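Subject: A structure for you to look at

Hello,

Here is the structure I promised to pass on to you.

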Amino acid sequence: MAPSITPRKPVPGSSLDIVGEKMVPLINAIFELRKLGLRETDTELPDLVLVGDQSAGKSSLLSAIAEINLPKDLGMYTRCVANIRTSPADSWTCTVSIHEYYRYMHGTPREPTANNPFPPWEENATINIKQFKTISNKSELENVLRWAQIALLNPSQDHRTFIPGSGAIAQAGRGQDFKHEADYSPNIVALEISGPQLPALSFYDLPGVFNSSANKEERYLVKVFENMVKKYIRHEKALIICTMPMATDPANSRTFSLITSMKADKRTIGVLTMPDLLQTGSTHMDFDRMLKGQTYILPRGYFVTKQPGPAFKLRQNVDYHVQAREEEAVFFATDGRWGDGGEWYGFHHRCGTKAIQEYLSQEFARLIVSSMGRIEDKIKRRVQIIDEQLSTLSDLSDNDNVQHIVRQSLQEFTNSVKGMLEGGSVSRHHALLSSWSKLSIDFATALHQMKPMFICQHPSDLSLLEVISLDDSETESETISTSKKHRAMPGFAAPSSKFVKTLNGRRLSSNPNASPTSQHIARPKNEAVIETLTRRSIAQPSPRKVEVTAFSGFLGYGKKFKSVGQIRDIISRHRRPGHPDNVPEAAREELCMEATRKWKEPLDKLASITFDHLREALLRIMQRPESLGKFRQTEMFQESKKRVIEFLDALCAEQTVSLNQLYALETYRLFTLNNDTFSRYKAEELSILQQARRKHRVHCYIEKNAKALNRALSDKDREIQMNHTTDEQLGPDPFALEIDTAAYVRGYYRTAANRFADNACQNIQGTLFRRVKEQIPQYLEDALGLNSRDCEMRCRLLMMENYGEAAVRSRLQEEKVKLTQIAACLELHVEEFAFELDPEAEDVGMDERENEHHSNAL
């Protein structure tokens, strides 16, 4: 059986009157919280939500509960959301305002989606409240409310032009023919109504749900209004009032279906309207079972109300709502179904607008009390956040010791900078030194990974093999794999005794009659083809995983630096006539300087990242509340920030010049006194290059022999011969001098790279970081004018507030005051108010008392 509250006739001083009196400050507090638009508390604020299908009598019920007259052109009214707050008072007043939670987006699609349930409206980050009009004459409300809703439907217009009595559009009387921009609005027109005998309530009235629209352009509103109802009934703190007309089949109620599908039935109060239009038959039986809790079950049960119909005639000098309540009481007392002895007389305690008002007042009060603990916690948390924000917006307008505060704040900032660059305890809060240390290591590593890679193959080797490039993707001491596909390239002739080695390493014909111009190196017609084809013939090792750093883009700069043939040409170009087997110093220096000239881009990257990190670190320190951050609204903060950036820019420009000088030294001439390290590096590189060169020559030797014998070799045969071929069989390497030169270049490169990485990073740390640490305190004092004769006045000027920051602080302070007042009100009233509620009448647990009452009535 559906539960109920035992009816109680209110008398002066009764519990219902006390509830109404004590509800007012609580509802006012909640209303003020809602106007603040705080998302932290909105989810905990209790609501009463009035919903129903179109033409279900919802607007008439709203009019009766709030004792107001709604606009007659209901088609417009039902396209907006209304929030009505009523409270008892000696005289009647109403304040109307517009609460904008959404903004209208012209030209956007009007098809509702999960991300945008109310097109073409989009949600604002904050609520915007616009005061509309306050009236004390109840007869004016209908017109004021109509114009407020017109303002909602025309968001691009100034809302003040729609205010009756003062707005240009309203004064022109264009309401009826005014073409609205929007078909509907999810924003709210809020009514704060106080008057004699009004209940203390606050509830939302939503547009009616409907199934279809005759107008094709407005069919999207079916889904929009459904989304709107879902949004409000989804709120766990919402007590839902669902109107259902007794003139139609209850199975047709779309709103009831939405409520049950969202499992909100336990929070729903059913209100049956139009009982005078009930027809006999199956519909009559459906409502009988509904009242008895047998079908369309709502745990809170159903109330019944009859509002004036089209035949209603207002008597002269009688208030509309007074006459409406009188006629409603007469109907339920005399109707054959509802009156004494009628089949539904047992539900008379749930009939009439007054019974609905009393029940809602009690249940809303209980809902408020049950939510207060969580609301108070949310308020405390919000106040804490405001205090944290205010701590960064200190107000020094009345402080007499401004100069001391300015100097102390600057000292805290510069001390933090010093600590960061010295690596003390303060540096634990900043990642500059640790990140820069890694950056410098990555820089040094990148220089070594960029070392020149030499191609050890030459066309004169007469072999179809991969061009051996000693780069970072291979281990230079790896044994070169062989394949059945390795064959001599067509066009290559096997070497014979007709070729002899000349002084420069080239094999020339031994025929004394051959002219120098006719002598040539036996080489293929297309060297590029040889290199491409030979690369395809040998399986490539899988690339090693390399850590990605800021310098990863430069790691390929050393690949294919020079081939042995190119080295021979450079040596020949610098060699003096009559100096065989000699490598001129000019040739070595050309190769070494060309290798080191690739350092410019990594050096620029090192400098750029260092400058950026240093600037970011100093600005982070400046933002900290214990430094200058608490004065962000002042001229001192803005001026200090500007001066620090100028200071760093100047130092970074000088540091760039210093680093470029180091680079110029490294690329000017070959030079080192670190002979031991150079010799060790050269020996290591020579061993690697000679091993790679020998493996290539062995492979060529085996292939040439196999071709001469016209014999196909298996992989196993090649492996055996690779392991047993001797240096005597190979003979002297015609490119031994070039290989030695390549080892020299790489040995010097490694030696110079170590020196350059050390010098560049040491220069940054010993020049840039040191100058920042030592010079910034004095620089800021001078730049801010703190050492001038009018220092006190200068400090006061520096502490003048930025208007925007001052406005933020003022807004936060106002919000804190309101929250504090609301919290005090809640604490004062909630505890004593809880004792005035019926301790047994809880949300749903009243079945036994309702059953007993209903049985006695029947």
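Below are my notes on what was found in it, going from the whole chain down to single residues.

**The chain as a whole**

Please keep in mind that this is a predicted model. The chain has 858 residues, and buried ones make up 50% of them. Its secondary structure comes to 26 helices and 13 strands. If you look at contacts between residues at least 6 apart in sequence, 81% of them join residues at least 24 apart.

The average pLDDT of the chain is 81, and 79% of the residues score at least 70. Over residues 1-19, however, the pLDDT is below 50, although this stretch has 56 contacts in the model beyond near neighbours in sequence. Another such region is residues 463-541, where pLDDT stays under 50 and the model has 139 contacts beyond four places in sequence.

**A covered helix**

Is H5 mostly covered or mostly exposed? It is mostly covered, since eleven of its twelve residues are buried. Among the buried residues of H5 are Leu 141, Val 144, Trp 147 and Ile 150, but also Glu 142 and Arg 146.

**Salt bridges**

Side chains of opposite charge can pair when their charged atoms come close. The structure holds 49 salt bridges, and a few of them are worth a visit.

- Glu 226 and Lys 230 meet through their side chains at 3.4 Å, N to O. They are four residues apart in helix H7 (residues 220-233), so about one helical turn separates them. Glu 226 is buried, with a relative accessible area of 9%.
- Glu 646 pairs with Arg 643, and their closest N and O atoms are 3.4 Å apart. Both lie in helix H19 (residues 635-666), three residues apart, which is about one turn of the helix. Glu 646 is partly exposed at 33% relative accessibility, and Arg 643 is also partly exposed, at 24%.
- Asp 461 and Arg 693 form a salt bridge of 3.0 Å, N to O. This pair links distant parts of the chain, 232 residues apart: Asp 461 is in the loop between strand E10 (454-455) and strand E11 (499-501), and Arg 693 is in helix H20 (residues 675-708). Asp 461 counts as buried at 10% relative accessibility, and Arg 693 is buried with a relative accessible area of 1%.
- Lys 451, Glu 684, Glu 685, Arg 746 and Arg 750 are linked in a network of salt bridges.

**Some single residues**

Asp 442 lies in helix H13 (residues 432-449). Why does Asp 442 count as buried? Its relative accessible area is 14%, and buried means under 20%. Leaving aside residues up to four places away in sequence, Asp 442 touches Thr 549 and Phe 551.

Gln 821, in helix H25, is exposed at 52% relative accessibility.

Met 800 sits in the loop between helix H24 (791-798) and helix H25 (803-834).

Enjoy looking around, and do write back with any questions.

Best wishes

Technical notes: Residues numbered from 1 in each chain as written. Predicted model: local features only at pLDDT ≥ 70, side-chain atom pairs only at ≥ 80, totals over all residues. Heavy atoms only, no water. Helix = DSSP H or I, 4+ residues; strand = E, 2+ residues; numbered from the N terminus. Buried < 20%, exposed > 50% of the residue type's maximum accessible area, 1.4 Å probe, protein only. Contact = heavy atoms within 4.5 Å. pLDDT = per-residue confidence, 0-100. Salt bridge = Lys/Arg side-chain N within 4 Å of Asp/Glu carboxyl O.
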